[in-house]
Amino acid sequence: MSIVAADNVWILTSTAFVLLMSMPALALFYGGLTKTKSMLNTMMMVVVAFCITSFLWLAYGYSLSFGDDLGGVIGSLKYLFLNGISPKDAAPAAENLYHYLFIFFQMTFAAITVALMAGAFVERMKFGAWMLISALWATFVYFPVAHWIWGGGFLSDMGTLDFAGGLVVHETSGISALVGAIMLGRRKEALMQPSSLPLVAIGTGLLWFGWFGFNGGSALGMNAQAVSAAFVTTIAAFIGGFVWMGLEWIKYKKPTSLGLFTGIIAGLATITPASGFVDVFGAMVIGVLAALICFWAVVSLKNRFKYDDSLDVFGVHGVGGITGAILLALFAKPDVADVKGLFYGGGLSQMWPQLAGIAIVGIYSVVLTVVIFKITDKIIGLRVEKDEEVEGLDEAIHGEKAYTREF
Amino acid sequence: MKKIEAVIKPFKLEDVKEALLKYGITGMTITEVKGYGRQQGHTEFYRGAEYVVEFLPKIKIEVVVRAEDVDGVIKAIAQAARTGKIGDGKIFVSNIEKVVRIRTGETDEEAI
């Protein structure tokens, strides 16, 4: 196979889309949900994680994820600092694409995955602690797991499927967000007081837009699967939002804007692993289930166990990603990408590798996150001082305010 | 001289201002305040988490008037600000010892 211009056009476009998902989309989405006094800190957590992870990706992350496989566990260091790669080379993992483009596209995935976790730690974490956690977590969680599933590691050998990151992106970041939030402890004011729901609306819209590149781009070419993935992604999104809003209306007597936006994100996260394997019908069912299951996780599970996953990274992304990876085994339609789910005559053949993948990635994320948080606590300390937390992180840490008054 | 402070619902400010102008009161000071009385607060829901807002936004109007105008002004404010529902607010009256107009140095009733 040789370089295909149309494929490169689409993937370079998708790369820009996924970049937009971090900055500004996720920064706005999380910033709008944070209390006004700490919203800049939240936005900076997203962006600084993007910077750190992107750098590490070039330094050794790409090599660890996509370098020559070493025992199914990790990639070799042959591409350290992108050593020996020419801009004219084709990517070994996708020979229709330029190597640089493949690295660039995958870089935006690594970066947003780390940034996603930030939502669970807002309004109380030391900025330096977050920077160290970002670096350690990208190195020891994201790069290996990306290798296991996408880089030719043992999970891909086992047949575990994850089209655009239900396990690699959403499960890893969601579960680590939960573990980290528990270790970090509850905020002094552990309630959601969104600084600006209109910013959340803009963030939601831009995330949705960016997801065309995230899922559509994961086809790694301009083909039927790319179009189908983008289409089913949008279907799951609007159905997820609509159903979530309805659930709220029934349970709390009011349809909230935040419920509508949250359901859209739940639909997007849940369809992600399945987006290259299911058709529009599967996407509708996934949209409905995404809203039902994530709603339960955010509203019931979180309140029962009282952990302070502040912006519901686990409830929406972790639970959504896992749900989607399971539903893939039910609704995958051979028409789309030659994978047969339970409802298309494939029996449970795809279910076992999915469940095994979910369990292994989940356990690994828990263990490594505990270690990373312990180390960071020893070296830097995890939490800001009590008075800084109450005063707001923006002034205490950054010497800035999101909105200034003239007197 | 008396100071009349009225805490009212924010959307009633225009009506109260009109009523005071009609009565002949030519100046006032307003402040955005928060508080609660019998109305108590209200609840907001974010992703199903209940969050009680104890203090509700209100507007406080302050006007200083001659003693003989007090009853008329109170009546004007009360009529304009009243909706009949809980949370309409309250009016407080207190004595003022001295008033000075900074520009001219006029004092007391001439300065009101």
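This is a predicted model: local features need pLDDT of at least 70, side-chain atom pairs count only at pLDDT 80 or more; totals for chains, interfaces and linings use all residues.

Colleague: Ok. How many residues of chain B are in contact with chain A?

Modeller: Five residues of chain B, and they meet 16 residues of chain A. Contact here means heavy atoms within 4.5 Å.

Colleague: And how much area do the two chains bury between them?

Modeller: About 990 Å², with 61% of it on carbon and sulfur atoms. Buried area is the accessible area (1.4 Å probe) that two parts lose on being put together, summed over both.

Colleague: Which residues of chain B lose the most area?

Modeller: Tyr46(B), Arg47(B) and Tyr51(B), which together make up 74% of what the chain B side buries.

Colleague: How many salt bridges are there between chain B and chain A?

Modeller: One. Arg47(B) pairs with Asp312(A) through their side chains, at 3.0 Å from N to O. The rule for a salt bridge is a side-chain nitrogen of Lys or Arg within 4 Å of a carboxyl oxygen of Asp or Glu.

Colleague: Why would two side chains like that pair up at all?

Modeller: Side chains of opposite charge can pair when their charged atoms come close.

Colleague: What about polar contacts between the chains?

Modeller: Four residue pairs are in polar contact between chain B and chain A, both residues being at pLDDT 80 or more. That term means a pair of N or O atoms within 3.5 Å; within protein, one must be able to donate a hydrogen and the other to accept it, and residues adjacent in sequence count only if both atoms are side-chain atoms.

Colleague: Tell me about Asp312(A). Where is it found, and is it buried or exposed?

Modeller: Asp312(A) is in the loop between α10 (280-305) and α11 (313-331) of chain A. It is buried, with a relative accessible area of 2%. For the cut-offs, buried means under 20% relative accessible area, exposed over 50%, and partly exposed in between (1.4 Å probe, protein chains only). Helices (H or I, at least four residues) and strands (E, at least two) are DSSP runs, numbered from the N terminus.

Colleague: What else does Asp312(A) get up to?

Modeller: Its side chain makes a polar contact of 3.0 Å with the side chain of Lys302(A). Leaving aside neighbours within four places in sequence, Asp312(A) is in contact with residues including Met192(A), His317(A) and Arg47(B).

Colleague: Switching topic: how many salt bridges over all chains?

Modeller: The count comes to 17. One of them joins Arg383(A) and Glu389(A), with the closest N and O atoms 2.9 Å apart. Arg383(A) is partly exposed at 23%, whereas Glu389(A) is buried at 4%.

Colleague: And within chain B?

Modeller: Arg66(B) and Glu68(B) meet in one at 3.4 Å, N to O. Glu68(B) is exposed at 57%, and Arg66(B) is partly exposed at 36%.

Colleague: Which residues are linked in a network of salt bridges?

Modeller: Lys35(A), Glu123(A), Arg187(A) and Asp308(A).

Colleague: Last one: how many residues are in the largest nonpolar core?

Modeller: There are 130, and residues with the most contacts inside it include Trp57(A), Phe121(A) and Trp130(A). Helix α4 (residues 127-150) of chain A gives the largest share of this core, 14 residues. Another core lies apart from it, with 18 residues, among them Ile4(B) and Leu20(B). A nonpolar core is a set of buried Ala, Val, Leu, Ile, Met, Phe, Trp, Tyr and Cys residues joined through side-chain atoms within 4.5 Å.

Technical notes. Residues are numbered from 1 along each chain as its sequence is written. Chains are lettered from A and ligands numbered from 1 in the order in which they are written. Side-chain values use heavy atoms; hydrogens and water are left out.
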